[in-house]
Amino acid sequence: ERLGWTGDIQVFSPTATYLFDVDDFLRDWLGDLAAEQQAADGRVPVVVPDILKYVERPKHWPVPDSTAIWSDAAVWVPWALWWAYGDRQVLADQFDSMASHVRRVESLLSPTGLWDEGFQFGDWLDPTAPPDEPGMSRADNGVVATACLYRDAHIVRDVARLLGRDEDAAYFGNLAERTRTAFNDHYVRPEGHIHSDAETTYALAIVFELLDPEEEQVAGDRLDELVAKSGHHIQTGFAGTPFVTHALTKTGHLANAYRLLLQTECPSWLYPVTMEATTIWERWDSMLPDGTINPGQMTSFNHYALGAVADWMHQIIGGIVPLEPGYSKVLIAPQPGGDIHWARSSLETRHGKISVSWSRDDDGSIELDIAVPDGVTALVQLPRTPQQEFGSGQHRLSSTSV
């Protein structure tokens with residue numbers, strides 16, 4: 001049942017597809033999701049299979065409807081599978097489910113075109129939220145949900161194009177643009193700051209490409225300021241955590257992305273390690289620094305969602321980024337930082353194993369060894385060197401080469 005929480009699976013799916021071959025497992029789960037959704041008039045439940053429909057709902061629970069991040073699993077999980085494994089069939093199988101989710105959300109929008117009404121989990125378990133109010137995040141729920149709708153519609157438009165469904169592509173493309181316009185009109189201030197001024201809102205807007213280039217850089221600079229102001233302690237919950245280091249890197253703030261990753265004080269990714277944890281916790285502080293247990297609910301000590309930062313680690317530290325679905329074309333571009341002076345990474349793709357090993361000297365020069373399987377083209381980018389293209393085989397190069 002724990003595996004069935006849609007929010008956790010959606011958040012972690014890009015990381016999961018790298019760590020293991022989860023194609024068959026998640027396709028089977030998506031079939032269950034579509035069945036539950038069809039039985040609920042397009043609503044994607046927060047748990048699949050939906051065991052909650054068989055228990056009495058507490059009076060304080062909201063009437064269930066589609067929610068950002070959780071229900072977005074209908075769209076984001078098949079998209080993650082497509083990029084990881086390159087099999088278009090998952091998109092064909094899930095298209096009706098994906099489209100149904102977005103149409104359901106469209107019916108929930110306010111007259112402004114924003115997804116700013118009804119219950120939302122929002123940036124669930126923001127570390128600044130009170131223990132007994134896990135949804136009291138600093139990131140405005142409407143900003144989070146509307147940003148997610150834009151990504152939903154954008155993805156479904158792209159899937160429709162891939163499948164040759166031109167009318168659907170036009171419909172969802174139009175919805176995406178209307179959502180982007182509404183987001184910018186209502187949430188982006190003239191100076192580029194975003195309503196509620198929280199790390200999560202900037203991270204989503206940057207990674208989902210809701211902003212124009214100049215505004216994106218302003219948002220990235222503001223995100224960088226907020227991360228530094230926090231003392232490089234994590235300030236995001238389930239919505240922002242998978243994207244905050246990506247957003248910092250995308251806008252030129254790699255150093256602070258590393259400082260955020262390598263922080264050991266609470267709250268941080270490495271704080272649980274200092275408390276002898278061997279798993280990811282549900283809360284950043286499921287165990288408090290004095291060894292007592294957080295008094296709020298949701299204090300699981302084996303809960304993978306916040307480990308979604310590994311997706312950034314695979315791409316930025318490991319240096320393996322898909323340029324085409326299934327890794328038939330890949331970018332190898334490790335970006336060292338912090339006190340990390342070497343790394344090795346590998347990925348079993350449908351074409352074979354891609355391997356990357358790099359080390360850097362004190363002067364900043366980098367030595368890189370890669371292995372590229374048959375059927376894969378690798379574009380290699382190291383600091384201070386031109387991009388180079390390689391085919392299959394073993395290759396060695398350095399950042400000082402011309």
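Which residues in α3 meet which residues in α5? The views below, drawn from a predicted model, begin with that contact.

**View 1. Helix α3 packs against helix α5.** Helix α3 covers residues 73–85 and helix α5 covers residues 141–162. From α3, the residues in contact are Val-75, Trp-76, Trp-79 and Trp-82. From α5, they are Cys-148, Arg-151, Asp-152, Ile-155, Val-156, Asp-158, Val-159 and Leu-162. Nine residues of this contact are nonpolar, three are charged and none is polar.

**View 2. Geometry of the α3 and α5 crossing.** Two packed helices are described by the angle between their axes and by the distance between those axes. For α3 and α5 the angle is about 50 degrees, and the axes are 10 Å apart. The two helices are therefore oblique to each other. Their crossing is left-handed.

**View 3. The aromatic pair of Trp-76 and Phe-208.** A pair of aromatic rings is described by the distance of the centres and the angle of the planes. The model has 16 aromatic pairs, counting rings whose centres lie within 6.5 Å. In the pair of Trp-76 and Phe-208, the ring centres are 5.6 Å apart and the planes stand at 75 degrees, so the pair is edge-to-face. Trp-76 lies in helix α3, while Phe-208 lies in the loop between α7 (199–207) and α8 (213–229), so the pair ties together parts that are 132 residues apart in sequence. Both Trp-76 and Phe-208 are buried. Trp-76 is also one of the α3 residues that meet α5.

**View 4. The aromatic pair of Trp-281 and Phe-301.** This pair is edge-to-face, with 5.3 Å from centre to centre and 80 degrees between the planes. Trp-281 and Phe-301 are each in the loop between α11 (271–274) and α12 (310–317), 20 residues apart. Trp-281 has a relative accessible area of 5% and is buried. Phe-301 has a relative accessible area of 30% and is partly exposed.

**View 5. A cluster of aromatic rings.** Ring pairs join five residues into a cluster: Trp-70, Phe-119, Phe-121, Trp-124 and Phe-238.

View 6. Most residues other than glycine have a negative phi, and most peptide bonds are trans. Pro-49 sits in the loop between α2 (23–39) and α3. Pro-267 sits in the loop between α10 (254–262) and α11.

**View 7. Positive phi at Leu-125 and Arg-384.** Leu-125 is not a glycine, yet its phi is positive, at about 65 degrees. Leu-125 belongs to the loop between α4 (89–106) and α5. With a relative accessibility of 4%, Leu-125 counts as buried. Arg-384, also not a glycine, has a positive phi of about 65 degrees. Arg-384 belongs to the loop between β6 (377–380) and β7 (388–390). With a relative accessibility of 60%, Arg-384 counts as exposed.

Definitions and conventions
Residues are numbered from 1 along each chain as its sequence is written. This is a predicted model: local features need pLDDT of at least 70, side-chain atom pairs count only at pLDDT 80 or more; totals for chains, interfaces and linings use all residues. Side-chain values use heavy atoms; hydrogens and water are left out. Axes are lines fitted to C-alpha atoms, for helices over the stretch in contact, and angles run from 0 to 180 degrees between N-to-C directions. Helices (H or I, at least four residues) and strands (E, at least two) are DSSP runs, numbered from the N terminus. Angles under 35 degrees count as roughly parallel, over 145 as roughly antiparallel, 65 to 115 as roughly perpendicular and the rest as oblique. A crossing is left-handed if the near helix is turned anticlockwise from the far one by less than a right angle, and right-handed if clockwise. Contact means heavy atoms within 4.5 Å. Ala, Val, Leu, Ile, Met, Phe, Trp, Tyr, Cys and Pro count as nonpolar, Asp, Glu, Lys and Arg as charged, and the others, Gly among them, as polar. Rings of Phe, Tyr and Trp (its six-membered ring) pair if their centres lie within 6.5 Å; planes under 30 degrees apart count as stacked, over 60 as edge-to-face and the rest as tilted. Buried means under 20% relative accessible area, exposed over 50%, partly exposed in between (1.4 Å probe, protein chains only).
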